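Good morning, and thank you for coming.

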Amino acid sequence: MQLDVFTLVPHAFAWLTEQRPVAAVLGTELDLRLFSYRDTTPLKSGQVDDEPYGGGAGMVLRVDIVAAALDAAYGGVPRHRVVALSPQGRQLTQAVVEELVREERLTLLSARFEGFDERIVTHLASDAISIGPYVLSGGELPAMVLLDGIARRLPGALSEGSGELESFSEELGGALEYPHYTRPPEFRGWRVPDVLLSGDHARIDSWRREHVR
Ligand SMILES: C[S@@+](CC[C@H](N)C(=O)[O-])C[C@H]1O[C@@H](n2cnc3c(N)ncnc32)[C@H](O)[C@@H]1O
């Protein structure tokens, strides 16, 4: 997949791209490109935002700035899916992640300040996604949430099988995963369930199915 992120803070992504699962698929299954709106703004001094018409607090990301960034990257509005990250978008779920993983090319637009000029969402983006019913200061964390969620579903991101049987997966019927335990078998009197120490895989499997939440 080619995943392009447009942001005012491209360096914010450095940590995530050095970690698994993103690092494991970069250069093979995932081609990640980070674009700064400031690199292509036609306005002076790297300006990208302006005061809202009608007044009010905060600054709004300008439509001509985002259009210029898309023009520079694609020669216009791309034909592939362009997602505006916005609290007003449809809510992100695992099903939405699975839908996005099927795309060969995907573009994420993030804003800061008061958000996007609405014409960006209407005319330049083809989808809008919210990562939850709360407001963050910028689209970088939402973009990273999507990037991580997508990367772990790409081939080679995780060790064999570990991405299949997880919370919200089809394998678990969309339910939450069963509890996990590791050594020590007892700590401060808190014991690991005996069945998990039994070595009896049929019993372990049925205990796990019973404890899906
Ligand atoms: C401070 S927010 C703007 C909030 C906007 N004024 C509102 O009331 O909905 C700035 C930017 O952060 C990003 N953002 C904040 N919360 C988000 C969320 N829950 N999901 C996706 N993006 C979000 C969006 O790109 C948004 O335009």
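**Salt bridges in the model**

Arg 81, Arg 90, Glu 99, Glu 103 and Asp 127 are joined in a network of salt bridges. By salt bridge I mean a side-chain nitrogen of Lys or Arg within 4 Å of a carboxyl oxygen of Asp or Glu. This is a predicted model, in which local features need pLDDT of at least 70 and side-chain atom pairs count only at pLDDT 80 or more, while totals for chains, interfaces and linings use all residues. Residues are numbered from 1 along each chain as its sequence is written, and side-chain values use heavy atoms, with hydrogens and water left out.

How many salt bridges does the structure hold? The structure holds 14.

Let me begin with Arg 81. The side chain of Arg 81 meets that of Glu 99 in a salt bridge, at 2.8 Å from N to O. This pair links distant parts of the chain, 18 residues apart: Arg 81 is in strand 5 (residues 81-91) and Glu 99 in helix 5 (residues 94-101). Helices (H or I, at least four residues) and strands (E, at least two) are DSSP runs, numbered from the N terminus.

Arg 81 also forms a salt bridge with Glu 103, where the closest N and O atoms are 2.7 Å apart. Arg 81 lies in strand 5 and Glu 103 in the loop between helix 5 and strand 6 (105-109), so this pair ties together parts that are 22 residues apart in sequence.

Are these residues buried or exposed? Here buried means under 20% relative accessible area, exposed over 50%, and partly exposed in between, with a 1.4 Å probe and protein chains only. Arg 81 counts as buried because its relative accessibility is 18%. Glu 99, at 23%, counts as partly exposed, and Glu 103, at 22%, is partly exposed as well.

I turn now to another pair. Arg 112 forms a salt bridge with Glu 140, and their closest N and O atoms are 2.5 Å apart. Arg 112 is in the loop between strand 6 and helix 6 (118-124), and Glu 140 is in helix 7 (residues 140-151), 28 residues apart. Arg 112 is partly exposed, with a relative accessible area of 27%, whereas Glu 140 is buried at 4%.

Finally, consider Arg 188. Arg 188 is found in the loop between strand 8 (186-187) and strand 9 (190-191). Its relative accessible area is 66%, so Arg 188 is exposed.
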